[in-house]
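Look at the whole chain before turning to its parts. The paragraphs below start with overall values and end with single elements.

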Amino acid sequence: MTLDRAAGLAETARALADGDVTSRALVEGALARIEATQGSINAFRIVRAEAALAEADAADRELAAGVRKPLLGVPVAVKDDMDVAGEPTAFGCCGQFPPVAEDGEAVRRLRAAGAVIVGKTNTCEFGQWPFTEGPAFGATRNPWSTAHTPGGSSGGSAAAVAAGLVPAALGSDGAGSVRIPAAWTHLVGIKPQRGRVSTWPRGESFQGITVNGTLARTVADAALLLDAASGNHARDPHRPPAVDASAAVGRDPGRLRIALALKPPFTAVPARLRPEVRTRVVELADRLAALGHTVEEADPPYGQIGLTFVPRATAGIAERVAEAPFPALLDRRTRDAARLGRLLGGAPLRAARRAEAVLHGRIGAFFTSYDIVLAPTTAAPPPRIGALLELSGFATDRAMIAACPYAWPWNVLGWPGVNVPAGFTADGLPVGAQLLGPANSEPLLVRVAAQLEAELRWHEKWPAPPFTERSAAA
């Protein structure tokens, strides 16, 4: 038996456990696909060819001995903000970085589940922007149209999964950085509850707004990777109660009250939902209503939530810049953000952190009237490569907010969200919608996402290689 790029995470794990395929064959296939697409997609910063093959051989020996683990022998990728022992963690930056000594906790847990880490995927500098480009590695491109970005900052992970290089990948989400690229590459992207997947060796990444999450073609695969990566380091400050995301797949969510939130949260610069994206999101709302849910337009009481985001985000950048071995090589926008972060890192940051409890109370009360929120993931389809790369800091912020005003409030709150594919624009570019819930609501969000997937079967649509400026769906 052979498995092609269409094989998902769960299917691959079953084939390995049944002895239908070897880990070496799967890893060799993944490495060949990565090599063949680095010139067109450029998803990977680091490819662990020799190490991954050795790990695959070790997995095959375990499988032959009757050992069974959830992902034993399955090739996956992780974003290059996560530590993999023996590899550098450049996080999108220029320069030669030393190899790290130990796996980060999320990677350690993937290895404990048996996964083979084939490489580390590209991300923009310190994960700041919704595009994956920079002088350190060039441009990562969208498999659906190589003239467009896959989004960011987990754009490499999204591109790798969308192109079928690996069945699933880890990313991280500090202002939509899993959900945005998932939306723009036709994937499921789970941003879990803060602390669900450890960010150790940083107990809090970017002052607690950034979490690790999963990207896959199906809800079941994204849930399986989430369960494998979930858990805490002994020193993690956030330790939510365990959930079983995989068990939620296929379970009836019941009849829910769903708020359709189309209005962007307050932003300092204008943001407008593009009609072509609005149409796709409303079609999802109509589908949910046809499934028996009560759907009505209502917006969470966000208020001035943006005032609490900026100090946390920029203070987090300032922390990263202070540790950077080559500060002179950093993007000017990064250095400007770090200066702002140093200014806001005292009383404004403390006030922003205290405000989270108030926001939990006010927005949490919204969930006495509604079970979940359906909102656009982005306001626009993916931009073209280079559209944001050379802008000034202010112009970048304006463009970023205009395209992506919807995702970041859930990072302030630390609550779960799931991007689901919402279809395509007339030009064939993917867009998405996000299901949002209160604390620890991953199982409910997964149930609803799986219910939609069973109806829409989005995982059956693929970008057709060879990947070009506008690939047709296969």
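Predicted model: local features only at pLDDT ≥ 70, side-chain atom pairs only at ≥ 80, totals over all residues.

Residues are numbered from 1 along each chain as its sequence is written, and side-chain values use heavy atoms, with hydrogens and water left out.

The protein has 15 helices and 13 strands; these are DSSP runs, numbered from the N terminus, with helices being H or I of at least four residues and strands E of at least two. The radius of gyration, taken over C-alpha atoms, is 20 Å, close to the 23 Å that the globule rule gives for 474 residues, so the protein is as compact as a globular protein of that length. That rule is 2.2 Å times the number of residues to the power 0.38. The C-alpha trace spans about 55 × 55 × 45 Å along its principal axes.

Of the 474 residues, 61% count as buried. Buried means under 20% relative accessible area, exposed means over 50%, and partly exposed lies in between (1.4 Å probe, protein chains only). A contact means heavy atoms within 4.5 Å. Among contacts with a separation of 6 or more, 78% join residues 24 or more positions apart.

Helix 15 covers residues 442–456. From its first C-alpha to its last, this helix reaches 21 Å, close to the 21 Å expected at 1.5 Å a residue; the expected span is 1.5 Å times one less than the number of residues. Because 12 of its 15 residues are buried, helix 15 is largely enclosed by the rest of the structure. Among those buried are P443, L444 and L445, and also the charged-type residues E442, R447 and E453. After the helix comes R457, with a positive phi near 50°.

Helix 4 (residues 105–112) has E105, A106, V107 and L110 as its buried residues. What do they pack against? Their partners are strand 2 (75–79), strand 3 (116–121), strand 6 (168–173), strand 8 (211–216) and helix 7 (219–229). Just after helix 4, G114 takes a positive phi of about 100°.

Finally, R45 lies in strand 1 (residues 44–47). At 23% relative accessibility, R45 counts as partly exposed. Leaving aside neighbours within four places in sequence, its contacts include D80, A90, C93, K120 and F137. The C-alpha atoms of R45 and T89 are separated by 9.7 Å, although the two are 44 residues apart along the chain.
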